[in-house]
Amino acid sequence: MKSAALGKNTSPIEITITKFGLWLYINDEEFFLPYEDHPFFKNATLNDIYNIELLHKEHLYWPTLDVDLSISILKNPSHFPLIAKSKKITSSFLT
């Protein structure tokens, strides 16, 4: 799905929101971001989702959600496994 030529104030990113996730159309490529893998978009407002910036032609940033993704991550998600893990908090104050 390709839109008409971009104008001066038109974003280079097209976003389609579904009940399963987001479709992004960037630089003639499409990417699907399922809510299962990107839960920060599931309950976000339309304004938050559409408030997206493309920095350096490679970096996607949603300032109101504080979400950063690169196109490299979208192309090759298996090369960027999630490494965040919850830690058990221990403290002498809790005993």
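Biologist: Which element gives the most residues to the lining of the largest pocket?

Modeller: In this predicted model, the largest pocket holds about 350 Å³ of space. Its lining consists of 14 residues, among which Asp37, His38, Ile73, Pro77 and Phe80 lie nearest the centre of the pocket. Both S3 and H2 supply at least two residues of that lining, but the element that gives the most, with 4 residues, is S3.

Biologist: In what order do the elements of the chain run from the N terminus on?

Modeller: The chain contains 2 helices and 6 strands. Strand S3 covers residues 29-34 and helix H1 covers 46-50, while strand S6 spans 67-70 and helix H2 spans 71-75. Read from the N terminus on, the elements follow the order β-β-β-α-β-β-β-α.

Biologist: Which element gives the largest share of the largest nonpolar core?

Modeller: The largest nonpolar core has 18 residues, and those with the most contacts inside it are Leu24, Leu33, Phe41, Leu60 and Trp62. Two or more residues of this core come from each of strand S1 (13-17), strand S2 (21-26), S3, S5, strand S6 (67-70) and helix H2 (71-75). The largest share, 3 residues, is given by S2.

Biologist: Which residues does Leu33 touch, not counting those up to four places away in sequence?

Modeller: Leu33 is one of the residues with the most contacts inside the largest nonpolar core, and Phe41 is another of them. With residues up to four places away in sequence not counted, the residues that Leu33 touches are Gly21, Leu22, Leu24, His38, Phe41, Leu69 and Leu74.

Biologist: Is the pair of Trp23 and Phe32 stacked or tilted?

Modeller: The structure holds 3 aromatic pairs, and a pair of rings is described by the distance of the centres and the angle of the planes. For Trp23 and Phe32 the centres are 4.9 Å apart and the planes stand at 45°. Planes under 30 degrees apart would count as stacked and planes over 60 as edge-to-face, so the pair of Trp23 and Phe32 is tilted.

Biologist: Are Trp23 and Phe32 buried or partly exposed?

Modeller: The relative accessibility of Trp23 is 37%, and the relative accessible area of Phe32 is 35%. Since buried requires under 20% and exposed requires over 50%, Trp23 counts as partly exposed, and Phe32 is likewise partly exposed.

Biologist: How many residues apart in sequence are the parts that the pair of Phe41 and Trp62 ties together?

Modeller: Phe41 and Trp62 form an edge-to-face pair, with 4.8 Å from centre to centre and 65° between the planes. Both of these residues are buried, and together with Phe40 they form one aromatic cluster. Because Phe41 lies in the loop between strand S3 (29-34) and helix H1 (46-50), whereas Trp62 lies in strand S5 (residues 59-62), the parts that the pair ties together are separated in sequence by 21 residues.

Biologist: What distance separates the C-alpha atoms of Asp48 and Trp62?

Modeller: Asp48 is found in helix H1. Leaving aside neighbours within four places in sequence, Asp48 is in contact with Trp62, Thr64 and Leu65. Although Asp48 and Trp62 are 14 residues apart along the chain, the separation of their C-alpha atoms is 7.1 Å.

Biologist: Is Ser70 buried or exposed?

Modeller: Ser70 lies in strand S6, where it touches Glu58 and His59 when residues up to four places away in sequence are not counted. The relative accessible area of Ser70 is 17%, and as the limit for a buried residue is under 20%, Ser70 is buried.

Biologist: What phi does Asn27 have?

Modeller: Asn27 lies in the loop between S2 and S3, and with a relative accessible area of 43% this residue is partly exposed. Although Asn27 is not a glycine, its phi is positive, at about 50°.

Biologist: What phi does His56 have?

Modeller: His56 belongs to the loop between strand S4 (53-55) and S5, and with a relative accessible area of 76% this residue is exposed. His56 is not a glycine, yet its phi is positive, at about 55°.

Biologist: What part of the accessible surface of the chain belongs to carbon and sulfur atoms?

Modeller: Of the 95 residues in the chain, 25% are buried. The accessible surface of the chain comes to about 7500 Å², and the part that belongs to carbon and sulfur atoms is 56%.

Conventions: Residues are numbered from 1 along each chain as its sequence is written. This is a predicted model: local features need pLDDT of at least 70, side-chain atom pairs count only at pLDDT 80 or more; totals for chains, interfaces and linings use all residues. Side-chain values use heavy atoms; hydrogens and water are left out. Rings of Phe, Tyr and Trp (its six-membered ring) pair if their centres lie within 6.5 Å; planes under 30 degrees apart count as stacked, over 60 as edge-to-face and the rest as tilted. Buried means under 20% relative accessible area, exposed over 50%, partly exposed in between (1.4 Å probe, protein chains only). Accessible areas come from the Shrake-Rupley method with a 1.4 Å probe; for residues, only the protein chains shown count as cover. A nonpolar core is a set of buried Ala, Val, Leu, Ile, Met, Phe, Trp, Tyr and Cys residues joined through side-chain atoms within 4.5 Å. Contact means heavy atoms within 4.5 Å. On a 1 Å grid over the protein atoms alone, a cavity is a set of points where a 1.4 Å probe fits but cannot get out, and a pocket is an open set with protein on both sides within 12 Å along at least five of seven lines; lining residues have an atom within 4 Å of a point. Grid points are joined across faces, edges and corners, and a volume is the space filled by probe spheres set on the points.
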